[in-house]
Amino acid sequence: MLGQTILLLACGLLPGFDDNEAAKKDLAQLQGVWRFAIVEVDGVKQPEIPFATNKMVISKDGSYFVIRGQRVERGSMKLDSGTTPKRYDVTITTGPIKGLTFPGIYELEKDTWRICLPLRSKERPAALASKPGSGLMLQVFERQKQTVQEASIEAGRLELAGIWQAVTYALDGKKASDDDMKKVKLVIDANGKAEALSEGKVFIAGTTKVDPTQHPMTIDVTYTEGDPKGKTALGIYKIEGDMLTICRSAPDQARPSEFASTAGSGHTLMTYKREKAKTK
């Protein structure tokens, strides 16, 4: 539970825009992919966190995400670089502690980023240190060579991986029945292979290519089974909590620009709900 809390708090580190020129400079310097080099809680150094499965990513527009094992956590933060020590206010926007705000401080030197956050109070730390009984978490990040694009695709794959129960389906504005939707599931693996099943039987399959850095995020499907085998359909997608929405064009047609399916558009609009993983 402690490890989960540590990484959930880390996921709130989204530098926000500030009129302060120093904050803008720090924001530009923070863009990139970061490794958890050191994590200390109440003065106790925590086990090493592997970069392959845990990382902080900040993109050029100030958006961020933290990859935490098989999960992706998001949040927001406002920088105040005109103080000593420098400050930021963290608000978690996803996950079990969504909506909570934490006051922190930070220090940024080239490719090393140090932060300190309270774990059990709303009082901002006075120094970048975590001592026994302090209730503070100290983290040190190191910049990595992986690109934001690469890390974003990795995060997109993690977010999409799983079993999704179909909820709604509309083609050219014509909706399928709720009873039909109950029979359909979408299964996506960590490598982007996707299969659509009806009553447990695959009726269409393909490989996906995603780009979560686009707005809206894009998803392309190259079919390997079913009537459109060998063709590619362009789409957009979004994930809101446990709901996945995909809007896809017909093969070889232009990508949709919005989540809508109207008569004559050739667009398919689908929503799915993530199935909870079964516990052993």
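Reply: Begin with the naming: helices and strands are DSSP runs, numbered from the N terminus. The model is a predicted one. With that naming, Pro216 lies in the loop between β15 (201-211) and β16 (217-225).

Me: What kind of peptide bond joins His215 and Pro216?

Reply: A cis one, with omega at about -5°. Thr84 and Pro85 are likewise joined by a cis peptide bond, and omega there is about -5°. Pro85 sits in the loop between β6 (75-80) and β7 (86-92).

Me: How do I read a helix, taking α3 as the case?

Reply: An α-helix has 3.6 residues a turn, so residues three or four places apart point the same way. Here α3 covers residues 148-160, which is 13 residues. From first C-alpha to last it reaches 18 Å, close to the 18 Å expected at 1.5 Å a residue. Its buried residues include Ala151, Ala155 and Leu158. Just after α3 comes Gly162, whose phi is positive, about 145°.

Me: Which residue has a positive phi of about 55° although it is not a glycine?

Reply: Asp42. This residue is in the loop between β1 (32-41) and β2 (44-45). Lys110 also has a positive phi, about 50°, and is not a glycine. Its loop runs between β8 (101-109) and β9 (112-118).

Me: Is Asp42 buried or exposed?

Reply: Buried means under 20% relative accessible area, and exposed means over 50%. Asp42 has 17% relative accessibility, so it counts as buried. Lys110 has 69%, so Lys110 counts as exposed.

How values were computed
Residues are numbered from 1 along each chain as its sequence is written. This is a predicted model: local features need pLDDT of at least 70, side-chain atom pairs count only at pLDDT 80 or more; totals for chains, interfaces and linings use all residues. Side-chain values use heavy atoms; hydrogens and water are left out. Helices (H or I, at least four residues) and strands (E, at least two) are DSSP runs, numbered from the N terminus. The expected span of a helix is 1.5 Å times one less than its number of residues. Buried means under 20% relative accessible area, exposed over 50%, partly exposed in between (1.4 Å probe, protein chains only).
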